[in-house]
Amino acid sequence: MWRTRIGDIDVFRVEEMLRPGFDPAFLYPKYDPAVLMEHPLLARPEYFHAETGRLISSMQSWLVRAGREVIVIDTGCGNDKVREHLAFQRFHMLDLPYIANLAACGVRPEDVTMVINTHLHVDHVGWNTKLVDGRWVPTFPNARYIMGRAELAHWQDPSKGPAIQPEGVPAIRDSVDPVVAAGVVDLAEPGDEVAPGVRLEAVPGHTPHQMAVRIGAAGDDGLFTADVFHQPMQIYRTDWNSRYCEVPEVAIATRRRVFAEAVDGGTVLFPSHTGFPFAGRIARDGQGFAFVPLEMT
Ligand SMILES: [Zn+2]
């Protein structure tokens, strides 16, 4: 079981899958394989699968216990979901032991008090719902689901999210619409403190209204960075956007701001898809940045 602590807040990682994912040249249109030679850390098997030339990609939730709140941050891909788009084959009709992995952290679905969706992409909303008797129902029956008001509106406007990324629509239909219809969604804004010591922050670019989640206090804090970056190589190449970054220039500016602030604050970053140890800090490296994987004790 993966666990760390920020101040008096416990953080667990709930794995859905950890396996080779995208070819970096597909995920990053600006990809240059020289980065692996320049920064040997990035060629480690934790991050790069040499046999296939693919990036090791984690699909997971972060689980945060803050006071009485049991908070699931992002919900992976989900079981039983039809994902026919070619790039999303690895998310198609999954049957993975995510709920058992949650139980290994001492948490049952009914114990979860809050779910936070940083943004509404296919790999961040999947376990919002589960299939019961042919219907999608909330996986966490006692939780409020926190979504950004503007992010949800973006996907409810046919001229926006669905037009920009039509391959994302099936996830909205089976993993977002049903929780909205169930009346369990609370719409939130950047700046909201959703639980004591748990605050939302704007990190736009990957989606126009993506939010990060900050925990702890200045000098001892953590930031769940959603998809500000997918892989450590973007710490060294901050101008490399993924092909799924919807507002490219804004995504770059946000990435650089988050890294600069993380250096200054000593903040532990908890990204969504980075391989073991799954979290880390940022150091300055000349004009740029370097990754400092979290030391696990
Ligand atoms: Zn993602």
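Tutor: Helices (H or I, at least four residues) and strands (E, at least two) are DSSP runs, numbered from the N terminus. The model is predicted, so local features need pLDDT of at least 70 and side-chain atom pairs count only at pLDDT 80 or more, while totals for chains, interfaces and linings use all residues. Residue numbers start from 1 along each chain as its sequence is written.

Student: How many helices and strands does the protein have?

Tutor: Eight helices and 17 strands.

Student: Where is Asn79?

Tutor: Asn79 sits in the loop between strand 5 (69–73) and helix 3 (98–104).

Student: Why is Asn79 called partly exposed?

Tutor: A residue is buried if 20 or more other C-beta atoms, placed from the backbone, lie within 10 Å of its own; it is exposed if 12 or fewer do, and partly exposed in between. Asn79 has 19 such neighbours inside 10 Å, so it counts as partly exposed.

Student: Which residues is Asn79 in contact with, leaving aside its neighbours within four places in sequence?

Tutor: Two residues are in contact if their C-beta atoms, placed from the backbone, lie within 7 Å. On that rule, and with those neighbours left aside, Asn79 is in contact with Leu94, Asp95, Leu96 and Lys130.

Student: What makes Gly216 buried?

Tutor: Gly216 has 22 other C-beta atoms within 10 Å, and therefore counts as buried. Gly216 is found in strand 13. Although Gly216 and Ile9 are 207 residues apart in sequence, their C-alpha atoms are 7.2 Å apart in space.

Student: How do you know that strand 13 and strand 14 pair?

Tutor: Two strands pair if DSSP finds at least two bridges between them. Strand 13 (residues 211–217) and strand 14 (residues 220–224) are joined by five bridges and run antiparallel. One of the bridge partners is Gly222 in strand 14, which goes with Ile215. The two strands form a hairpin with two residues between them, and Gly219 in the turn has a positive phi of about 90°.

Student: How many bridges join strand 14 to strand 15?

Tutor: Three bridges join strand 14 to strand 15 (residues 268–270), and these strands run parallel. Phe224 stands opposite Phe270 in strand 15.

Student: Why are the buried residues of helix 4 said to line one face?

Tutor: In helix 4 (residues 149–156), the residues Glu151, Leu152, His154 and Trp155 are buried. Seen down the helix axis, they fall within an arc of 155°, so they line one face of helix 4. The arc is that of the directions from the helix axis to the C-beta atoms.

Student: What covers these residues?

Tutor: The cover includes strand 9 (144–148), helix 5 (161–164), helix 6 (169–181) and strand 10 (185–188).

Student: What is in the largest nonpolar core?

Tutor: A nonpolar core is a set of buried Ala, Val, Leu, Ile, Met, Phe, Trp, Tyr and Cys residues joined through C-beta atoms within 7 Å. The largest has 64 residues, and Val64, Ile71 and Val115 have the most contacts inside it. Strand 4 (residues 54–66) gives the most to this core, with five residues. A second, separate core has nine residues, including Tyr28 and Met233.

Student: How do you know that the radius of gyration agrees with that of a compact globule?

Tutor: The radius of gyration is taken over C-alpha atoms, and the globule rule is 2.2 Å times the number of residues to the power 0.38. For 297 residues the rule gives a radius near 19 Å; the protein has 18 Å, so the value agrees.
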